[in-house]
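Subject: Structure handover

Hello,

Here is the structure for your files. My notes follow below it.

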Amino acid sequence: MPEESLRTYHEKRDFSHTPEPYGHEKETEQPIFVIQKHKATSLHYDFRIEIGGVLKSWAVPKGPSTDPKVKRLAMPTEDHPMEYAHFEGVIPEGYGAGTVMVWDIGTYRNLGAEKEPDKKLTMEQAYDKGHIEIWLDGKKLKGGYALIRAGHISDHGWLLIKERDEYAGKPEDPVKTEPDSALTGRSLEEIAKQEPAHE
Ligand code: MN
């Protein structure tokens, strides 16, 4: 990753000991997504996508599935700042106390707009409609995913569903088969113990 101008910031800090964000320059003009594995009161996955300069966020209790037949509950949570996308570490006390891992990270494309180019639906509009389709280019997850607001679920729940494309089923059951950090290679236990990133 091109991080030349952040070199001094990085050299001065040991990111296995500070909860400060690591900080990356933006690699591309494409918007980003991140999925943070969060062991708080209960383990869940925070799915965040950049829309309008913030990270729109959902808590997905079971994490994403790559099987198009599986619908995963995604409960909306508060917007997070862009810098949060690279936060990995321990939240010592208070709200969200526990361990946070960057489980997957990458860029995305507005797949809904690509499917219906004449409508020119922006991500903000798709979010307001409760029907988001995005093409993920992550380190673990790739391909089309839909986030659909489901009126029949109480508390305004959404559903996260893999679309049918060449990345369906790949990797199989990623929550189980690829449990570690996409950023540092560490397990939740290693992050909790503040062990250094794997080489
Ligand atoms: Mn969380």
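From the N terminus on, the elements of the protein chain come in the order α-β-β-β-β-β-β-α-α-β-β-β-α-α. That makes five helices and nine strands, where helices (H or I, at least four residues) and strands (E, at least two) are DSSP runs numbered from the N terminus. The chain has a radius of gyration of 17 Å, close to the 16 Å that the globule rule gives for 199 residues, so it is as compact as a globular protein of that length. That radius is taken over C-alpha atoms, and the rule is 2.2 Å times the number of residues to the power 0.38.

This is a predicted model, in which local features need pLDDT of at least 70 and side-chain atom pairs count only at pLDDT 80 or more, while totals for chains, interfaces and linings use all residues. Residues are numbered from 1 along each chain as its sequence is written, and side-chain values use heavy atoms, with hydrogens and water left out.

Overall figures

Along the principal axes, the C-alpha atoms fill a box of roughly 50 × 35 × 30 Å. Of the 199 residues, 48% are buried (under 20% relative accessible area; exposed is over 50%, partly exposed in between; 1.4 Å probe, protein chains only). Taking contacts (heavy atoms within 4.5 Å) between residues at least 6 apart in sequence, 55% join residues at least 24 apart.

Manganese site

The manganese ion has His38 (ND1), His44 (NE2) and Asp46 (OD) as its protein donors, at 2.1 to 2.3 Å. Donors are N, O and S atoms within 2.8 Å of the metal (3.2 Å for Na, K and Ca); water is not among the atoms, so sites may look incomplete. The sequence spacing of the donor residues is H-x5-H-x1-D. Both His44 and Asp46 are buried.

Gln36

Gln36 sits in strand β1 (residues 32–39). It counts as buried because its relative accessibility is 0%. Its side chain reaches the backbone oxygen of Tyr84 at 2.8 Å.

Glu133

Strand β7 (residues 131–138) holds Glu133. With a relative accessibility of 13%, Glu133 also counts as buried. Beyond its neighbours within four places in sequence, Glu133 is in contact with residues including Arg109, Lys115, Tyr145 and Glu163.

Regards

Notes. A polar contact is a pair of N or O atoms within 3.5 Å; within protein, one must be able to donate a hydrogen and the other to accept it, and residues adjacent in sequence count only if both atoms are side-chain atoms.
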